[in-house]
Amino acid sequence: MGGNSIGKEFTVTSFGESHGKCVGVVVDGCPAGLSLSEKDVQIELDRRIPLDSKIVSGRIEKDAATILSGVFNGLTTGAPISIVVENKEAQPSDYEVVKDLPRPAHADYTAGVKYGRFNDYRGGGRFSGRVTVALIMAGVIAKRLLRTVNVDVLAYTKAVGKLKIGESPSLEEIRKHKYDTAVRCPNLEYAEKMEKAIISAKKEGDSLGGIIECIAVNVPAGVGDPLFDSLDADIAKMLFCVPAVKGVEFGAGFEAAELKGSENNDAFQLQGGRVTAFSNNAGGVLGGISSGMPIVVRVAVKPTPSISKEQKTVNLQDMKNTTVIVEGRHDPCVVPKAVPVVEAAVAVVLADHMIRAGFISKILDGRK
Ligand SMILES: Cc1cc2nc3c(=O)[nH]c(=O)nc-3n(C[C@H](O)[C@H](O)[C@H](O)COP(=O)(O)O)c2cc1C
């Protein structure tokens, strides 16, 4: 298949399918001496599933993480770290129909064209949201590495369908409240409305999309390798590897196109001997290099493809127009589950770039 590894010094290889034996990750290039346990991984995996199952798929996997290699006496050894979780709740029979009747907006059609009869279509195979568990596990390691240099990466739900929080919440609010709500939105008033909107879309046999914002704080100025390994380019590439992500923007993003230079430019100022800026329309990246301002990136997540409304499709066996009603257990909105995935994706890219730039040393001393 190819294309399942990413990163230059901190490399991540994802493996596993939705209905195969397991989903797993191999992380190579993690410095020795980082404290890491199965419990650390488990905490993040448990956060992946919002407690309120009314807004997620009925497939609730327990996801017990097993670290197979690379950790000795609770510390990383510098060798590749491999972590797996078993798939226990798969119901492959739900997917027989999509073999010949590709679901609109899912990868059934394109994967079928590319891999033919070898394609593992069960539960979306390699294209299932389930595979993002691998990224979350890599993200646990990346986030612990980043914490050794005081970098924090935080994502939250900014919008579900047309319901969008106006002002960004403070970092403190995100830290404190995002896991209080099933939709992963720290604005409790909006969280309730978003949840209701998801439930009502589900009742109609439909789905919703939304926006996730991710903020990385304390990233020092000078991280990123222009031209082709620019920090924003690598973050955007990684985020587009998250299924259902259809747009990525930094800082003012698409709105910058409507501003004048005088409105968009982030004027510099000296603050405590450090160069900072009055505003952050650039989203913390200038010329592909971090500026020292928070990195602010947003992703647009499309509505879940699998809906129970009847949809037009083509029967690939007899090549005739037909319709499909998608069976199986699906998330009526991908956004809540994708929040920790986006956080992990950004953390993995930052860890790789910061190791490359020498901001994270190759030997640590048991720090978190
Ligand atoms: C965490 C997560 C969970 C997802 N759950 C579902 C789901 O239950 N049903 C579904 O049809 N798509 C789901 N998706 C989206 C599909 O995997 C995705 O739309 C599909 O692979 C096609 O890829 P694309 O949308 O990037 O083109 C999920 C995505 C993520 C990130």
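Reader: Which residue in the turn of the hairpin formed by β17 and β18 has a positive phi?
Author: This is a predicted model, with residues numbered from 1 along each chain as its sequence is written. Local features need pLDDT of at least 70 and side-chain atom pairs pLDDT 80 or more, totals for chains, interfaces and linings use all residues, and side-chain values use heavy atoms, without hydrogens and water. Strands β17 (residues 311-315) and β18 (residues 320-324) run antiparallel and are joined by five bridges (strands are DSSP E runs of at least two residues, helices H or I runs of at least four, both numbered from the N terminus; two strands pair if DSSP finds at least two bridges between them). Four residues lie between them, and the one in the turn with a positive phi, about 50°, is M319.

Reader: Which loop holds N73?
Author: Most residues other than glycine have a negative phi. N73 has a positive phi, near 55°. Look for N73 in the loop between β5 (71-72) and β6 (75-76).

Reader: Is the peptide bond from P226 to L227 cis or trans?
Author: You can find L227 in the loop between β10 and α7. With omega near 10°, the bond from P226 to L227 is cis.

Reader: In the sheet that contains β1, β2, β3, β7 and β4, which strands stand at the edges?
Author: The order of this open, antiparallel sheet is β1-β2-β3-β7-β4. β1 pairs with β2 (residues 11-16) over two bridges, and there I6 stands opposite V12. Two strands have a single partner each, so one side of each has no neighbour in the sheet: they are β1 (5-6) and β4 (66-69).

Reader: How many bridges pair β8 with β10?
Author: Both belong to another open sheet with antiparallel pairing, ordered β9-β8-β10-β16-β11. Its edge strands are β9 (163-164) and β11 (245-250). A155 stands opposite C214 in β10, and the antiparallel pairing of β8 (residues 152-160) with β10 (residues 210-217) runs over bridges numbering eight.

Reader: At what angle does α7 run to β11?
Author: Angles here run from 0 to 180 degrees between N-to-C directions, with axes fitted to C-alpha atoms, for helices over the stretch in contact. Helix α7 lies across β11 and β16 (295-301), and its angle to β11 is about 160°.

Reader: Is the crossing of α7 with α9 left-handed or right-handed?
Author: The axes of α7 (residues 231-240) and α9 (residues 335-356) come within 9 Å and cross at roughly 145°. Residues in contact (heavy atoms within 4.5 Å) include L231 and M238 of α7 and V342 and H353 of α9. A crossing is right-handed if the near helix is turned clockwise from the far one by less than a right angle, left-handed if anticlockwise. For α7 passing α9, the crossing is right-handed.

Reader: What is the volume of the largest cavity?
Author: A cavity is a set of points on a 1 Å grid over the protein atoms alone where a 1.4 Å probe fits but cannot get out, and lining residues have an atom within 4 Å of a point. The structure holds one cavity of 30 Å³ or more, and A107, D108, Y121 and F127 are among the residues lining the largest cavity. Grid points are joined across faces, edges and corners, and the volume is the space filled by probe spheres set on them. For the largest cavity it is about 40 Å³.

Note on methods. 1 Å grid on protein atoms, 1.4 Å probe; cavity = no way out; pocket = protein on both sides within 12 Å on 5 of 7 lines; lining within 4 Å.
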